Amino acid sequence: MTTPIITVTGTIRLGQFLKLAGLVEDGAMARELITDGDVTVNGEVELRRGRQLADGDVVVVHSPMGSFTAQVAQRPE
C-alpha cells in the first residue's frame with residue numbers, strides 16, 4: 001500500500017497535520033492519540049502536539065480502527 005503524501009506550505013505542527021491528512025477527526029482526537037503515545041514520527045513515538053514537521057517526515061497513527069500513515073511534502077513559501 002502506498003503512503004499518501006500530503007503537501008503543506010511552510011511549516012506545520014503535528015496536531016494540525018493529523019487533521020489536514022485526515023488521520024483524525026478533530027483536535028481533541030489528535031491530542032488524545034498523541035498523549036497516549038499512539039502517534040509516531042519517523043518510527044519514534046511523539047508526545048508533543050506542537051512538534052514542527054519537516055519535508056519527508058512519515059507520521060503513523062495507531063488507533064482502534066487500525067494504523068494510518070501519511071508523509072509530509074513541504075512546498076516552499
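**Sheet order and a salt-bridge network**

Trainee: What order do the strands of the open sheet take?
Mentor: Five strands form an open sheet in the order 1-7-6-3-4, and the pairing is mixed. Keep in mind that this is a predicted model.

Trainee: Which strands stand at the edges?
Mentor: Strand 1 (5–9) and strand 4 (44–45). Each has a single partner strand, so one side of each is left without a neighbour in the sheet.

Trainee: Start with strand 4, then. How many bridges join strand 3 to strand 4?
Mentor: Two bridges, and the strands run antiparallel. Within that pairing, Val 41 is opposite Glu 44 of strand 4.

Trainee: And the pairing of strand 3 with strand 6, parallel or antiparallel?
Mentor: Antiparallel, with three bridges between strand 3 (residues 39–41) and strand 6 (residues 58–63). Here Val 39 faces Val 61 in strand 6.

Trainee: Next pair. How many bridges do strand 6 and strand 7 have?
Mentor: Six, again in the antiparallel sense, with strand 7 covering residues 66–75.

Trainee: How many residues lie between them in the hairpin?
Mentor: Two residues separate strand 6 and strand 7 in that hairpin. Ser 63 stands opposite Gly 66, which belongs to strand 7.

Trainee: What holds strands in a sheet together, in general?
Mentor: Strands of a sheet pair through backbone hydrogen bonds, either parallel or antiparallel.

Trainee: Changing topic: how many salt bridges are in the whole structure?
Mentor: A search of the whole structure gives two.

Trainee: Which residues are linked in the network?
Mentor: Glu 46, Arg 48 and Arg 51 are linked by salt bridges into a network. Arg 48 meets Glu 46 at 2.8 Å, N to O. Arg 51 also forms a salt bridge with Glu 46, and there the closest N and O atoms are 2.9 Å apart.

Trainee: Glu 46, buried or exposed?
Mentor: Buried, because its relative accessible area is 6% and the cut-off for buried is under 20%.

Trainee: Which class does Arg 51 fall in?
Mentor: Arg 51 counts as partly exposed because its relative accessibility is 21%, and the partly exposed class lies between under 20% for buried and over 50% for exposed.

How values were computed: Residues are numbered from 1 along each chain as its sequence is written. This is a predicted model: local features need pLDDT of at least 70, side-chain atom pairs count only at pLDDT 80 or more; totals for chains, interfaces and linings use all residues. Side-chain values use heavy atoms; hydrogens and water are left out. Two strands pair if DSSP finds at least two bridges between them. Helices (H or I, at least four residues) and strands (E, at least two) are DSSP runs, numbered from the N terminus. A salt bridge is a side-chain nitrogen of Lys or Arg within 4 Å of a carboxyl oxygen of Asp or Glu. Buried means under 20% relative accessible area, exposed over 50%, partly exposed in between (1.4 Å probe, protein chains only).
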